[in-house]
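Subject: Structure handover

Hi,

Here is the structure we talked about handing over. My notes follow below it.

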Amino acid sequence: MKLATFRSGDKEKVGLVHSNDTKLFDLAAAADRAGASSPVFASMLSLIDAGPSALDQARALFDKNGNDDSLSIDVAGTEVLAPVPEPRQMRDGMSFPLHILQAPRGQLKLAARARNDMAELARIDAEPLGELPEVYRKQPIYYITNRFSVRGTNTTVKWPRYSKVMDYELEFGIITKNKGANISASKAKDHIFGYTIFNDFSARDAQRIEMEGRLGPAKGKSFDGGNVMGPWIVTPDEIGDPYKLKMEARVNGKMRSQGISEGMLFPFEEIIAHVTKDETLMPGEFIGSGTVGNGCGLELGWYLEDGDTIELEVEKIGILKNKVVRQA
């Protein structure tokens, strides 16, 4: 099942995505019409909180009324919001070895370019990547980011005024369900509600300074509208193996990078086990995979320009599309 949050008038509503991702079935309207009005369809968090019975009810409503055109609207003409517009928590990881190795090199090159130090650039390019630091194999590494700065597909991301170097990051992630602590990896699948795409927009020059201070990222990642996810949530039964998904990033229609979701140092199940050591996981949290190898401009030496359109596509999920613009 694919589930979206969309705006209808002044209300946020939950829709079941159907007809090859072109239509949204209004679950609350369908329940009202059936005389079974239910608060579980008031928001995505309400649906997640209600547990499996809410998904069963959604399936039953669609099976019965899915052919009723008056209960569906076109995705193309609708404001599709982030599937969870305000997650209860947001964590983003560092899971893909190639990105972990290439990102620091990209930051060094960025600093050298800022100094116009061509000799240093050549030296960095000539160096081998080296070995993955052992800490990344010891335990999942992640940071907590701003859950109030989330936006959805087709939004315009305003370039923070303090930054001259904007970047995209090709990621996917999970939305959690079922409150719990000290969850074992073998039980962690019971806490995955579904999967979505994540674009962790990054102000690289601000991030570089923060990381030199050995704390962060903060302003390198947290600015209004910079945490973009969507276009919807796909439940695990439709994903199959989440670690074999093709991933692609395009800028202005041109392919920038391709990858695959396999090779995470720790799968989401093990990340959940680590996160919940003496810490309670709440339903409706987001946990990001981290950037797939070659999945950002920092690794490739390509950065975003004013007016660029970025599309992130993940197999079986969909396309997350955004535009970046400089502010006056």
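A pocket here comes from a 1 Å grid over the protein atoms alone: it is an open set of points with protein on both sides within 12 Å along at least five of seven lines, for a 1.4 Å probe, and lining residues have an atom within 4 Å of a point. Points are joined across faces, edges and corners, and a volume is the space filled by probe spheres set on them.

The model is predicted: local features need pLDDT of at least 70, side-chain atom pairs count only at pLDDT 80 or more, and totals for chains, interfaces and linings use all residues. Numbering runs from 1 along each chain as its sequence is written, and side-chain values use heavy atoms, with hydrogens and water left out.

The largest pocket has a volume of about 780 Å³. It has 37 lining residues; Met 94, Ala 103, Pro 104, Tyr 136 and Met 211 are the closest to its centre. Helix α4 gives the most to the lining, nine residues. β6 (90–93), α5 (118–126), β7 (142–144) and α7 are among the elements that each supply at least two. By class, the lining has 18 nonpolar, seven polar and 12 charged residues. Nonpolar means Ala, Val, Leu, Ile, Met, Phe, Trp, Tyr, Cys and Pro; charged means Asp, Glu, Lys and Arg; the others, Gly among them, are polar.

**Helix pair**

The axes of α4 (97–114) and α7 (204–212) come within 10 Å and cross at roughly 105°. That makes α4 roughly perpendicular (65 to 115 degrees) to α7. Axes are lines fitted to C-alpha atoms over the stretch in contact, with angles from 0 to 180 degrees between N-to-C directions. Gln 107, Leu 110 and Ala 111 of α4 meet Arg 204, Asp 205, Gln 207 and Arg 208 of α7, with contact meaning heavy atoms within 4.5 Å.

**Whole chain**

The chain has 10 helices and 21 strands. These are DSSP runs: H or I of at least four residues for helices, E of at least two for strands. The C-alpha atoms fill a box of roughly 70 × 45 × 30 Å along the principal axes.

**Backbone**

Gly 230 and Pro 231 are joined by a cis peptide bond, omega about 0°. Pro 231 is in strand β15 (227–234). Asp 21 has a positive phi, near 65°. Asp 21 sits in the loop between β2 (11–18) and β3 (23–26).

Best wishes

Terms used: Angles under 35 degrees count as roughly parallel, over 145 as roughly antiparallel, 65 to 115 as roughly perpendicular and the rest as oblique.
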